[in-house]
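Subject: A structure for you to explore

Hi there,

Here is the structure I promised to pass on to you. Have a look at it first, and then read on for what I found.

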Amino acid sequence: MASTPAHPAGGLELGYARVSTTKQSLERQLDALADTGLPDERIYVDKKTGATVDRPGLTKLLEYARPGDTVVAHTLARLGRNLREVLNLVHDLGEKEIGVRTLADPIPINTADEGMARIAFLLLALFAEMERTFTAERAAHARAVAESKGRHIGRPTAWPDDKIDYARLLREQGNSLGEITSKTGIPKTSLHRYLTPAAEQEQ
């Protein structure tokens with residue numbers, strides 16, 4: 001991908017692609033950027049950034065970009081992890097006279113345009129954040145309904161309840177994790193989950 005070549009005169013399009021987990025694929029984003037004619041050396045990439053602030057690919061892009069350039073992404077969601085981050089980035093780029101264009105959003109986005117294009121950007125970013133909120137609320141409601149009916153949503157328990165209760169009893173009696181593992185067969189990685197109070201797990 002990008003190797004930070006010398007910046008020629010005139011506005012350039014600079015591609016940016018991001019995935020937040022190792023299970024996601026960059027291929028669709030990179031193919032879409034390549035289809036616009038962007039060469040590899042002007043495409044910047046970040047991987048595994050969902051839980052971290054550090055984005056070296058974006059940092060290199062911002063260091064290279066000059067007034068008149070345009071950042072091209074597959075969708076607005078690739079530019080940040082939430083609405084505020086996207087808005088802040090687009091605002092900061094605008095202050096530097098750097099535009100933003102997306103390829104696959106339902107409403108075409110190009111902040112270099114005036115008027116309706118900027119309104120479209122704001123609306124689309126707002127809708128994306130609303131959908132995240134609604135998705136979280138639906139998941140929470142589903143868990144509440146399931147729990148009220150005595151069902152559990154989430155990762156199934158790998159060990160029977162009586163063995164987990166025995167492990168907790170051993171812990172209360174002062175046994176170490178190693179001793180509990182040898183007596184119950186439950187590995188230490190699982191014991192951490194079973195023996196940590198729920199309140200601490202939620203923090």
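This is a predicted model: local features need pLDDT of at least 70, side-chain atom pairs count only at pLDDT 80 or more; totals for chains, interfaces and linings use all residues.

One is β1, which pairs with β3 in the parallel sense over four bridges. If you want to find this on screen, look for L14, whose bridge partner in β3 is V71. Strand β4, residues 99-102, also runs parallel to β3, and four bridges join the two. V71 turns up again here, standing opposite V100 in β4. Between β3 and β4 the chain passes through α3, and this β-α-β crossover is right-handed.

Now zoom out to the whole chain. It has eight helices and four strands. Starting at the N terminus, the order of the elements is β-α-β-α-β-α-β-α-α-α-α-α. Of the 203 residues, 32% are buried. Among contacts with a separation of 6 or more, 64% are between residues 24 or more positions apart. The chain exposes about 12600 Å², and carbon and sulfur atoms supply 53% of that.

Which residues of helix α2 are buried? In this helix, residues 56-64, they are G57, L58, L61 and Y64. Looking down the axis of α2, you will see that these buried residues fall within an arc of 130°, so they line one face of the helix.

After α1 comes G37, with a positive phi near 95°.

There is another positive phi to look at. E97 has one of about 60°, although it is not a glycine. As a general point, most residues other than glycine have a negative phi. You can find E97 in the loop between α3 and β4, where it is exposed, with a relative accessible area of 58%.

How many salt bridges does the structure hold? There are three, and each one is worth a click.

- R101 and E13: their side chains meet at 3.0 Å, N to O. This pair links distant parts of the chain, with R101 in strand β4 and E13 in strand β1, 88 residues apart. E13 is partly exposed, with a relative accessible area of 28%.
- E85 and R55: their side chains meet at 3.1 Å, N to O. Distant parts of the chain are linked here too, since E85 is in helix α3 and R55 is in the loop between β2 and α2, 30 residues apart. Both E85 and R55 are buried.
- R168 and D165: their side chains meet at 3.8 Å, N to O. Both residues lie in helix α5 (residues 161-172), three residues apart, which is about one turn of the helix. R168 is partly exposed at 38% relative accessibility, and D165 is partly exposed at 44%.

Is it buried or exposed? L83 has a relative accessible area of 16%, and buried means under 20%, so L83 counts as buried. L83 and F127 are 44 residues apart in sequence, and their C-alpha atoms are 9.2 Å apart in space.

Enjoy exploring, and write back with any questions!

Best wishes

How values were computed:
Residues are numbered from 1 along each chain as its sequence is written. Side-chain values use heavy atoms; hydrogens and water are left out. Buried means under 20% relative accessible area, exposed over 50%, partly exposed in between (1.4 Å probe, protein chains only). The arc is that of the directions from the helix axis to the C-beta atoms. Contact means heavy atoms within 4.5 Å. Accessible areas come from the Shrake-Rupley method with a 1.4 Å probe; for residues, only the protein chains shown count as cover. Two strands pair if DSSP finds at least two bridges between them. A crossover is right-handed if, with the strands pointing away from the viewer, the path from the first strand over the helix to the second runs clockwise. A salt bridge is a side-chain nitrogen of Lys or Arg within 4 Å of a carboxyl oxygen of Asp or Glu.
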